[in-house]
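Let's take a walk through this model together, starting with its pockets and ending with a few individual residues. Keep the viewer open as you read.

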Amino acid sequence: MLGFLRYNFHKATIFMGDTGSLVCGFIVSILTIQFIEMGLKVGQPFASSAPSVAAGILFVPLFDTLRVFIVRMMAGRSPFSPDKNHVHHRILAMGFQQISTVVLLGLLNVVVILFVINFAYLGNTLLICALVAFSLVLSVFLGVYHSRAERQRVASN
């Protein structure tokens, strides 16, 4: 994937299709299940909180998918219908460039990973509650914030 990423950065020359992204998602899901199963063995790191650590590692894609599905269903549309409501679209609408959007989402994921690793001793329940609370705050921010262009367009109507 790192070899592919070189050609898929901004001003991409090739794009990963549905099959490639499905294979990547399948591999990540299998590795996540193995990580959680590994946590069931006594003496393993993150033993009691392996599910919440796995959720923290996959925070950005899980958050984005669940948020978009919920927003679409609340609007009465199919959760699989296309729109510009993904997290990266919302960040781009705030005025960020594509490179800074990628860096921002990467930093967000690193911060969440560091959080769940540092507080793994709290256990699954508290960590998942903290991730859900952070998701709600982030969702409100992404839903409430409007770009300057969007505000000017609404004001001119």
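The lining of the second largest pocket divides into 13 nonpolar residues, 3 polar and 1 charged. Here Ala, Val, Leu, Ile, Met, Phe, Trp, Tyr, Cys and Pro count as nonpolar, Asp, Glu, Lys and Arg as charged, and the others, Gly among them, as polar. A pocket, on a 1 Å grid over the protein atoms alone, is an open set of points where a 1.4 Å probe fits, with protein on both sides within 12 Å along at least five of seven lines; lining residues have an atom within 4 Å of a point. The volume of this one is about 410 Å³, where a volume is the space filled by probe spheres set on the points, and grid points are joined across faces, edges and corners. Of the 17 residues that line the second largest pocket, Leu-62, Phe-63, Leu-66, Arg-67 and Ser-135 are the closest to its centre. Helices α4 and α7 each supply at least two lining residues, and α4 gives the most, with 8.

Before going on, please note that this is a predicted model: local features need pLDDT of at least 70, side-chain atom pairs count only at pLDDT 80 or more, and totals for chains, interfaces and linings use all residues. Residues are numbered from 1 along each chain as its sequence is written, and side-chain values use heavy atoms, with hydrogens and water left out.

What about the largest pocket? About 2000 Å³ of space lies in it, and 36 residues line it, with Met-1, Met-16, Ser-21, Val-60 and Pro-61 nearest its centre. At least two lining residues come from each of α1 (2-8), α2 (18-38), α3, α4, α5 and α6, and the largest share, 8 residues, is from α2. By class, the lining of the largest pocket has 23 nonpolar residues, 13 polar and no charged.

Of its 157 residues, 24% count as buried, where buried means under 20% relative accessible area, exposed over 50% and partly exposed in between (1.4 Å probe, protein chains only).

Which residues of α4 are buried? They are Phe-59, Val-60, Phe-63, Asp-64, Arg-67, Val-68 and Arg-72. Seen down the axis of α4, these buried residues fall within an arc of 165 degrees, so they line one face of the helix; the arc is that of the directions from the helix axis to the C-beta atoms. They pack against α3 (50-57), α5 (87-93), α6 (98-118) and α7 (124-144), with contact meaning heavy atoms within 4.5 Å.

Finally, compare two residues. Thr-32 lies in α2 and counts as buried because its relative accessibility is 18%. Leaving out residues up to four places away in sequence, Thr-32 touches Ala-54 and Leu-58. Asn-118, in α6, counts as exposed because its relative accessibility is 53%.

Methods: Helices (H or I, at least four residues) and strands (E, at least two) are DSSP runs, numbered from the N terminus.
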